[in-house]
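Please look over the sequence and the structure shown here, and keep both in view as you read. The paragraphs after them are meant to be followed slowly, with the structure turned as needed.

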Amino acid sequence: MTQDASPTAAKKLFIKTYGCQMNVYDSQRMAEAMGAEGYELTEDQAEADMVLLNTCHIREKAAEKLYSDLGRLKPLKAEKPDLKIGVAGCVAQAEGAEIIRRMPLVDLVVGPQTYHRLPAMMRGEAPAVLTDFPEEDKFDHLPERRATRRAPAAFLTVQEGCDKFCAFCVVPYTRGAEVSRPVDRILREARDLVARGVREITLLGQNVNGWHGQGPDGREWGFGRLIRAIAEIDGLDRIRYTTSHPNDMADDLIAAHRDIPALMPYLHLPVQSGSDRILKAMNRKHTAEQYLRLIDRIREARPDILLTSDFIVGFPGETDQDHADTLRLVEQVGFGTAFSFKYSPRPGTPAYDRAEVEGAIADARLQELQALLTRQQRAAQESMVGRTVSVLFEKPGRETGQMVGKSDYLHSVFVEAPQAQVGDLVQVRILESAPNSLRGALLD
Ligand code: 5AD
Ligand code: SF4
């Protein structure tokens with residue numbers, strides 16, 4: 001009998017992911033694609049044979065940050081001349097070959113729609129810079145997602161790109177036009193994830209609730225219908241989705257929040273501003289009042305839903321009155337948590353050349369808004385104390401015998417549970433609220 005040759009040591013891939021959850025998902029898919037080439041992931045950059053920076057371009061300084069991170073790789077590359085360095089994601093899309101011109105230590109530059117060709121690029125069988133929007137669908141060319149057991153909560157991209165063209169936003173340029181994956185592909189990937197131990201899936205898209213894909217019946221389906229189909233998968237306990245646009249909250253999707261227990265009572269619905277003047281200047285195509293009425297309808301369907309949002313302060317032309325309107329909208333809605341950003345002008349976007357609000361004024365407004373949002377977050381967490389929620393355990397906690405997981409409302413919850421396993425979905429009574437998490441006890 002011949003002895004198998006001992007397997008050669010796997011090459012190591014280090015990935016640094018910046019930005020949104022879609023980048024987290026893309027990094028996983030790139031890791032899987034390189035896995036098929038014999039690369040395994042490492043957490044230690046120093047032992048890497050390949051370093052991949054998966055970048056974000058949403059706010060400014062992204063490119064500067066990338067170049068300084070690349071600068072810091074110089075000693076490693078000097079020590080290991082065979083080290084491959086790749087730049088992926090939205091800065092790669094926006095800067096393209098300029099990255100290699102400025103930083104010759106970079107071997108390849110790959111955009112978000114072309115990373116299925118990463119293995120070919122590594123083998124030298126494809127150009128070193130690929131940032132086009134190809135006709136082919138990268139998902140058709142990526143390896144099937146299987147083999148390993150997965151963490152209990154996973155992401156699944158169902159939609160990419162955006163046709164909304166908000167005046168401040170680079171996404172329509174870096175991620176391209178809206179594309180929805182067809183239902184059968186999505187269901188196949190979801191079933192596969194569940195077969196590997198996943199109990200919660202977060203559906204991802206830059207404009208996820210605008211998803212409209214081809215159904216197995218050849219007809220076009222809307223997002224609510226897709227959620228209903230995914231909810232039928234045996235063993236899948238929880239569904240979430242992000243990020244949404246208010247104008248795409250169809251009746252059927254709102255109804256899904258009422259009808260489908262697996263659809264978690266949590267919704268991230270960016271509004272950006274509470275001033276109609278600014279909303280118009282941002283090209284958001286809805287008013288503050290329309291947003292508020294929409295929230296009423298969503299809460300009618302699912303009264304306990306936890307709402308979150310994104311805000312931009314200091315958008316060009318924003319006055320004190322506009323800012324006051326934003327604060328009022330926040331007071332009226334009552335958010336569970338929210339993200340707020342100071343406006344940053346992005347080259348190539350319609351708002352880029354507009355006169356900016358003075359920095360100190362924008363800073364003060366941001367502080368005021370964040371203080372209000374923090375108070376609301378505290379209040380939402382406090383309101384959980386004494387309630388029973390479900391928690392999906394994702395990892396052991398800081399203390400021995402402790403587990404941590406997410407509640408239905410996406411709060412992190414720490415629980416004493418020495419017998420529990422990662423992946424258990426348990427009922428927990430909330431005892432206490434800490435600044436950014438909750439503490440609870442198992443309900444036997
Ligand atoms: N400046 C500041 N914030 C921005 N966002 C998007 N573009 C910009 C920009 N140019 C914020 C929006 C969006 C979130 C993902 O990032 O609030 O919803
Ligand atoms: Fe950007 Fe979202 Fe507006 Fe699209 S809807 S342009 S992704 S902020």
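This is a predicted model: local features need pLDDT of at least 70, side-chain atom pairs count only at pLDDT 80 or more; totals for chains, interfaces and linings use all residues.

What follows goes through the sheets, the helices and the ligands in turn.

Strands of a sheet pair through backbone hydrogen bonds, either parallel or antiparallel. Here strand 10 (residues 200–204) is joined to strand 13 in the parallel sense by five bridges, and one pair to look for is I201 with its bridge partner I239 in strand 13.

Strand 17 (residues 388–396) and strand 18 (residues 402–407) run antiparallel and are joined by five bridges, with P396 having M403 of strand 18 as its bridge partner. Strand 19 (residues 412–416), by contrast, runs parallel to strand 21 (residues 438–442), with four bridges between them, and F414 has R439 in strand 21 as its bridge partner. Strand 20 (residues 425–433) pairs with strand 21 in the antiparallel sense over five bridges; these two strands form a hairpin with four residues between them, and S433 stands opposite L438 in strand 21.

How do helix 14 and helix 15 lie relative to each other? The axes of helix 14 (residues 320–333) and helix 15 (residues 359–382) come within 11 Å and cross at roughly 5 degrees, and because angles under 35 degrees count as roughly parallel, helix 14 is roughly parallel to helix 15. Among the residues that make this contact are L327 and V330 of helix 14, together with L369 and L372 of helix 15, and the contact as a whole divides into five nonpolar, three polar and four charged residues.

In a second pair, helix 11 (residues 251–259) and helix 13 (residues 288–301) pack at an angle of about 35 degrees, with their axes 7 Å apart. Their contact is made by D251, I254, H257 and R258 of helix 11 and by L294, R297, I298 and A301 of helix 13, which by class gives four nonpolar, one polar and three charged residues.

The ligands come last. Ligand 1 is surrounded by residues including I58, R59, F168, Q272, D310 and S344. A polar side-chain atom of R59 lies 2.8 Å from an oxygen atom of ligand 1, and an N or O atom in the side chain of Q272 is 2.7 Å from an oxygen atom of this ligand, while S344 places a backbone N or O atom 2.8 Å from a nitrogen atom of ligand 1. The residues around ligand 2 include C162, C166, C169, H245 and R284, and F168 is one of them. By class, the shell of ligand 2 has seven nonpolar, one polar and two charged residues.

Definitions and conventions: Residues are numbered from 1 along each chain as its sequence is written. Chains are lettered from A and ligands numbered from 1 in the order in which they are written. Side-chain values use heavy atoms; hydrogens and water are left out. A residue is near a molecule or strand if one of its heavy atoms lies within 4 Å of it. Ala, Val, Leu, Ile, Met, Phe, Trp, Tyr, Cys and Pro count as nonpolar, Asp, Glu, Lys and Arg as charged, and the others, Gly among them, as polar. Two strands pair if DSSP finds at least two bridges between them. Axes are lines fitted to C-alpha atoms, for helices over the stretch in contact, and angles run from 0 to 180 degrees between N-to-C directions. Angles under 35 degrees count as roughly parallel, over 145 as roughly antiparallel, 65 to 115 as roughly perpendicular and the rest as oblique. Contact means heavy atoms within 4.5 Å. A polar contact is a pair of N or O atoms within 3.5 Å; within protein, one must be able to donate a hydrogen and the other to accept it, and residues adjacent in sequence count only if both atoms are side-chain atoms.
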